[in-house]
Amino acid sequence: MNRRDFIKRSGLASTALLVPRFLQASSLLRADNPDGPILVMVQLSGGNDGLNTVVPYANDLYYQARPGLALGKDEVLILEKGMGLHPNMEGLHEIYQQGWLSILNHVGYPNPNRSHFRSMDIWHSGSPSNESWTSGWLGRWLDAHCLQGGTPSAAIEVNDTLSLAMRGENSKGLAIQNPNAVARQINALVERLPQAPEAPSDNLNYLYKTLAETQSGVGYLQEAYRLGKTQREYPNHAFGKHMKTIAQLILGKAHTRVYYAELGGFDTHIQQKNKQGRLLKQYSDAMLPFMEEMRAANLLDRVVVVTFSEFGRRVAQNASGGTDHGTANNLFVMGGKLAHPGIANEAPDLSSLDEGDLKYRIDFRSVYADLLQHCLGSSAASVGIKGFEPLGLFA
Amino acid sequence: MTLQETLHLFWRAGFGPDPTQVPRLVQLTRAEAVDLLFQDAQDYSPMDRAEMPASMRWRKQMRNNPEDKKAVRKFNLEQLGDMNIQALNEFAFSRAQLREKMFLFWHDHFACFVPFAYMLQLHINKLKAEALGNYRTMLHTVAKDAAMLEFLNNTQNRSRNPNENFAREVLELYTLGIGQYTEQDIKEAARAFTGWNYDDAGAFWLVERWHDTGTKTFRGKSGAFGGEDILNTVLDDPATAAFLAKKLYAWFVSEQPHTEREKEIAEVLYSSGYAIDQTMRHIFMSDWFYDPKVMGNRIKSPADLLTGFRRQVGLTFKDEQVLFALQRILGQTVGHPPNVAGWKDGRAWIDASTLVFRMRLGEALLSNSDLELQTRDLPEQPSYGKLDKLQTELSLQHFYELCAGLSDTELTEFICGVTAVPQNKLHSRIRPVQAAWPLEKKVQHVLLETVRSPEYQLC
């Protein structure tokens, strides 16, 4: 059964409205900004140790705090300002050399929370640390700029479940790992739906409508996924595949404006060295083909990739060859139109700590303000984040 | 009661009726059915999977012995996992359906999580014990509960350096509700709660030297108030009853607010001195509770969906740990609310991916088939291992017995009727059974058609 039949058969009270509204919404996004920017958020979950990712190799305090974990000058891939990348991040180093990477140090927020759970919620919702907001900043962007409830493909998370960041009050992004697999699943469900109810309750109507919209959105993505042909080799791990999926959708000209991907496992309380090294390699190895792919397709000026983690780690190592939960951290912005390629601000200040943790100097919400303005044609205030101005990250 | 009213009552006041009992339950009057729910609610089991540790001062212990940190965490995670499974099994199999459902409500209301199993177990058992008791008692008990004091940072609330988190949540989430108090109220209340802490055994402990004994001015009254005075002041305010009534209405009746009905609930709550049982009885006995617009128009929470299904088909999991992954994907892990505000309810349960998963789940459980269950790796949450295969055993014997001798139409109507909300004549819209099929196949077919319908997502 095709979608038209399904909608006809499902007898939605709002059928007449539904179809045009959905198509309208997606065309609205396209018409609005046919070659508009695309934001790719990459989340390193578990609290990535930023100090062993972008290493302050010229700072003695770093070696004093981490006698067993510190990386030496001869090991790191040299950047600038006395800093260098973890030796496993050759891909990222190449991106840096091309001028496609801005590294921001000291990114965090006031009264930091050291629980993964809470700190992740703070990053996702954009709330102050003493408030719990129940919707995400990108979800509220969908609320503000996409027609209510529609366009589930405007924001895609390549994952099994949808993160808080992608949940608005009314609209939500779509979590999808493989468009073909999801399309098969949903088509099989729709094929075997019961005949339409005559007078559905409002929530039953909502369920049928969500299903119809999902089928339509997934069908659309499946088409883009089929058309998008990647030319680069991506590493064969889950994160590599997820970045390849995003590249494929972008190359297939999906109208999606926000993509979200995650690499987990950074909670390195014990034996950090090997574990973090392996994860950073996975990350870096997937980012290089992605960025090169965007360059080859002349998309570097449109695509912005941001990488963050819910917090950094304590400056001093612990007794188990690892590090404990910390606060401020570095954050990466990649793209072809950066105002400050390289290390955008000062190296982490290891001399002035707050109970052993770095002090934040850049609030992550001002980074969001930049992204909302530059990539999403919006502003921090219109997604309920008040009092933060863009930093001017983009040229 | 009609079949629809019966299902409605047992879904809202529990996790759906046992299908074999439905023919008996429809014979009852409304008052008899409500009495039965309250009577059965007496027969419940407290949670007992966590072991009492040598000391409840986990945090201190972890700080002092970084080497033990991993062991402490592992010890707790395993027990938290066992507790989660016990909670879900009680939902599914306890006779005390009303108490279990009320517990889930209070667990959502007093949303609290600490990674210390025994402490959380004490908290949960307090909620279960008082679930149908008195809200005044419950609030005082929960406010002096170790898990709550820990979760809301009141252990750091000291006279010289007050931490307002606990006071704020008491006013915002448990009593008056947002907009009904000032920032000054919070500051003064926080002073009254200074020094509220817990001892090594997890019992309430007022640390005198951290307690601010000075005069506080709270909502127009001045005195050397302690935390108890603050709680009593806000409980004496009808705004607390109004706030709780709204929450009860939204949870047990409808997401669509209804001013008059909420006011009615608030009056019962307030005039009864916060008697929860009387208030709930009033709700379940009201005609408006059986308003056709209300019945069958609530989106099942993940706990409702999983539990209701288990109750209907006598489902057992070869390895119950698969429940962790299922809850995670569905978006509700019992014992671990997402934040202080609890779970977002109703339509918030549904996004494109969860809806597809929910609709495929019933079929996968019935047919013992694969479902992708690899879940993301989340630190500090009970992740309890990963399982990607559903291995289930069903017992559908009760349906075969109940359906023996029924015509195909009767069989279809019966199974659809007792498993899904009997609205919209689902039984007449699914693909029909074929006369030549054996009974077992007919039963399985109708069940399958029902559990994968959008209608099955409602209760």
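This is a predicted model: local features need pLDDT of at least 70, side-chain atom pairs count only at pLDDT 80 or more; totals for chains, interfaces and linings use all residues.
**Around strand S8 of chain A**

- What is the bridge partner of A:Met41 in S8(A)? The partner is A:Tyr260.
- S8(A) also pairs with strand S6 (residues 155-157) of chain A, in the parallel sense and over three bridges.
- In that part of the chain, A:Ile156 stands opposite A:Tyr259 of S8(A).
- S8(A) covers residues 258-263, and five of its six residues are buried, so the strand is largely enclosed by the rest of the structure.

**A three-stranded sheet in chain A**

- Chain A also holds an open sheet of three strands in the order S2-S4-S3, and here the pairing is antiparallel.
- Which strands stand at the edges? They are strand S2 (54-55) and strand S3 (77-78) of chain A; each has a single partner strand, so one side of each is left without a neighbour in the sheet.
- Two bridges link S2(A) to strand S4 (residues 84-85) of chain A in the antiparallel sense.
- A:Val54 has A:Leu85 in S4(A) as its bridge partner.

**Chain A as a whole**

- Eleven helices and twelve strands make up the secondary structure of chain A.
- Of the 395 residues in chain A, 57% are buried.
- Taking contacts in chain A between residues at least 6 apart in sequence, 73% join residues at least 24 apart.

**Where chain A meets chain B**

- The contact involves 45 residues of chain A and 39 residues of chain B.
- On the chain A side, the elements that give two or more residues are helix H5 (116-125), strand S7 (174-175), helix H7 (179-191) and helix H8 (202-227).
- H8(A) provides the largest share of that side, with ten residues.

**Helix H6 of chain B**

- Helix H6 (residues 97-109) of chain B has 13 residues that should span 18 Å at 1.5 Å a residue, and its end C-alpha atoms are 18 Å apart, which agrees.
- Is H6(B) enclosed or open? Twelve of its 13 residues are buried, so the helix is largely enclosed by the rest of the structure.
- Among the buried residues are B:Arg99, B:Phe103, B:Trp106 and B:His109.
- The buried residues of H6(B) pack against helix H3 (30-40), helix H5 (69-93), helix H7 (117-129), H13 and helix H16 (302-313) of chain B.

**Helix H14 of chain B**

- Helix H14 (residues 259-271) of chain B has 13 residues and reaches 18 Å from its first C-alpha to its last, close to the 18 Å expected at 1.5 Å a residue.
- Its buried residues are B:Glu262, B:Ile265, B:Ala266, B:Leu269 and B:Tyr270.
- Why do these residues lie on the same side of H14(B)? They cover an arc of only 130° around the axis, which puts them on that same side.
- Helix H13 (238-253) and helix H15 (276-285) of chain B are what the buried residues of H14(B) pack against.
- After H14(B) comes B:Gly273, which has a positive phi near 70°.

Note on methods:
Residues are numbered from 1 along each chain as its sequence is written. Chains are lettered from A and ligands numbered from 1 in the order in which they are written. Helices (H or I, at least four residues) and strands (E, at least two) are DSSP runs, numbered from the N terminus. A residue is buried if 20 or more other C-beta atoms lie within 10 Å of its own, exposed if 12 or fewer, and partly exposed in between; C-beta atoms are placed from the backbone. Two residues are in contact if their C-beta atoms, placed from the backbone, lie within 7 Å. The expected span of a helix is 1.5 Å times one less than its number of residues. The arc is that of the directions from the helix axis to the C-beta atoms. Two strands pair if DSSP finds at least two bridges between them.
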